[in-house]
Amino acid sequence: MTLTATRWPVAVLGATGAVGQAFIRLLDAHPWFDLVEVAASERSAGKSYRSAAKWLEGTLPESVAALTVKNCTPDEVTAPIIFSALDSGVAGDVEAAFARAGRMVLSNAKNYRMDADVPLVIPEVNGDHLELLTVQRANRGWSGGIVTNANCATTVMAAALAPLHQAFTVTKVFATTMQAVSGAGYPGVASLDILGNVIPFIGDEEPKIETELVKLLGTYRQGAITMADIVTSAHANRVPVEHGHTVCMSVAFATKPTPEQALEVLRGWTGYEAVRGLPSAPEPSLIIRDEPDRPQPRRDAGRGRGMATTVGRVRADHLFDLRLVAMSHNVVRGAAGGSILNAELLAKTGQLAGLARQ
């Protein structure tokens with residue numbers, strides 16, 4: 001039987017929110033996964049999805065519109081693969097309950113990202129970190145598992161820095177983010193706060209960037225992650241852009257590259273071999289722009305169906321060694337699409353074996 005001969009039933013927790021809706025759009029007609037259940041808060045449970053959700057973008061798939069929204073419990077939601085778009089305030093206990101019940105949880109929440117036995121994964125960057133699932137199951141005594149994707153701004157940075165770190169060893173990063181309003185969910189930031197404005201603070205964002213990057217760029221060996229020895233200073237800003245997080249970085253290296261050497265490495269990057277050919281994987285995963293005014297969210301956020309990272313303005317830096325700008329779609333690459341790609345990699349590498357398929 002080939003990998004795609006049957007399909008895995010999947011569920012989305014937090015399905016009525018902005019990221020939950022992104023999961024629904026991206027899973028519609030997915031070749032490997034069949035969305036069979038949606039779940040949300042108690043106030044939505046028992047309603048049809050059509051009546052419970054304020055649909056934000058595109059056309060609501062009819063197959064999902066008719067589904068009854070369930071409570072976020074393993075007793076009610078029976079699919080073996082769980083995509084979680086839950087807020088961190090409730091995600092911790094709920095996701096653990098599903099893992100204990102033998103389900104594979106693909107989480108967008110921050111709760112477990114930095115746990116030593118939980119994979120924090122961008123497949124092209126550190127797909128081998130999924131091996132931590134074996135350690136996680138042994139440590140926690142559950143048959144399921146939790147795999148997390150990174151903070152959406154950290155995802156942009158790690159995707160751009162991974163090839164350079166592999167070639168030249170990143171030691172310091174000074175980063176300023178310009179983050180889209182969709183990153184705040186719906187209804188998100190009030191219009192009178194953001195229109196014509198920049199908000200130089202996003203709660204808990206800077207610590208997440210500074211801690212997650214070293215795990216993402218760390219090395220998996222003998223059941224543990226050795227964190228990358230990188231010091232990061234992050235400044236997070238909310239800007240009046242709909243989709244697409246942009247990060248401006250100054251970077252220091254153990255071996256200083258010229259801009260030309262860095263560009264050669266970036267253009268040649270293919271990432272973790274097993275990711276190639278996955279349904280959601282962009283080809284290429286990194287798009288390098290030579291124009292002095294790119295990347296731009298309006299023009300580049302949708303590249304690779306929203307899954308590619310665009311890098312530009314690679315040049316010498318007076319403070320450290322190099323400067324560059326990176327950007328990707330925060331809701332697709334940085335949230336729902338990233339989790340779906342994680343699940344596809346689990347499937348390809350045999351780590352969904354034993355879960356029920358249709």
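Predicted model: local features only at pLDDT ≥ 70, side-chain atom pairs only at ≥ 80, totals over all residues.
Helices (H or I, at least four residues) and strands (E, at least two) are DSSP runs, numbered from the N terminus. Residues are numbered from 1 along each chain as its sequence is written, and side-chain values use heavy atoms, with hydrogens and water left out.

The domain assignment gives domain 1 (8–150 + 336–349) and domain 2 (152–328). These bounds come from an automatic or database domain assignment. Taken over C-alpha atoms, the centres of domain 1 and domain 2 are 24 Å apart. Domain 1 puts 34 residues into the contact and domain 2 puts in 36 residues. Contact means heavy atoms within 4.5 Å.

Nonpolar cores were examined next. A nonpolar core is a set of buried Ala, Val, Leu, Ile, Met, Phe, Trp, Tyr and Cys residues joined through side-chain atoms within 4.5 Å. Buried means under 20% relative accessible area, exposed over 50%, and partly exposed in between (1.4 Å probe, protein chains only). The largest nonpolar core has 47 residues. Leu-27, Phe-33, Val-38, Tyr-49, Ile-81, Phe-83 and Leu-352 touch the most other members. At least two residues of this core come from each of several elements, including β1 (8–13), α1 (18–27), β2 (33–40) and α12 (332–348). The largest share, eight residues, is supplied by α12. Domain 1 and domain 2 each give this core at least three residues. A second, separate core holds 39 residues, including Ala-160, Phe-168, Ile-209 and Leu-324.

Helix α7 (residues 152–168) packs against helix α9 (residues 205–216) at an angle of about 35°, with the axes 9 Å apart. Axes are lines fitted to C-alpha atoms, for helices over the stretch in contact, and angles run from 0 to 180 degrees between N-to-C directions. The α7 and α9 crossing is right-handed. A crossing is right-handed if the near helix is turned clockwise from the far one by less than a right angle, and left-handed if anticlockwise. On the α7 side, the contact includes Cys-152, Met-157 and Leu-161. On the α9 side, Glu-205, Ile-209 and Leu-216 are among the residues met. By class, this contact has eight nonpolar, one polar and three charged residues. Ala, Val, Leu, Ile, Met, Phe, Trp, Tyr, Cys and Pro count as nonpolar, Asp, Glu, Lys and Arg as charged, and the others, Gly among them, as polar.

Helix α7 also meets helix α10 (residues 259–268), where the axes come within 9 Å and cross at roughly 115°. This crossing of α7 with α10 is right-handed. Ala-160, Pro-163, Leu-164, Ala-167 and Phe-168 in α7 meet Gln-261, Ala-262, Val-265 and Leu-266 in α10. The contact of α7 with α10 has eight nonpolar residues, one polar and no charged.

Individual positions were also compared. Thr-155 lies in α7 and counts as buried because its relative accessible area is 4%. Beyond its neighbours within four places in sequence, Thr-155 contacts Ile-122, Ala-150, Arg-333 and Gly-334. Thr-134, in helix α6 (residues 132–140), is exposed at 54% relative accessibility. Ala-66 sits in the loop between α3 and β3 (70–71) and is exposed at 60%. The C-alpha atoms of Ala-66 and Thr-258 are 56 Å apart.
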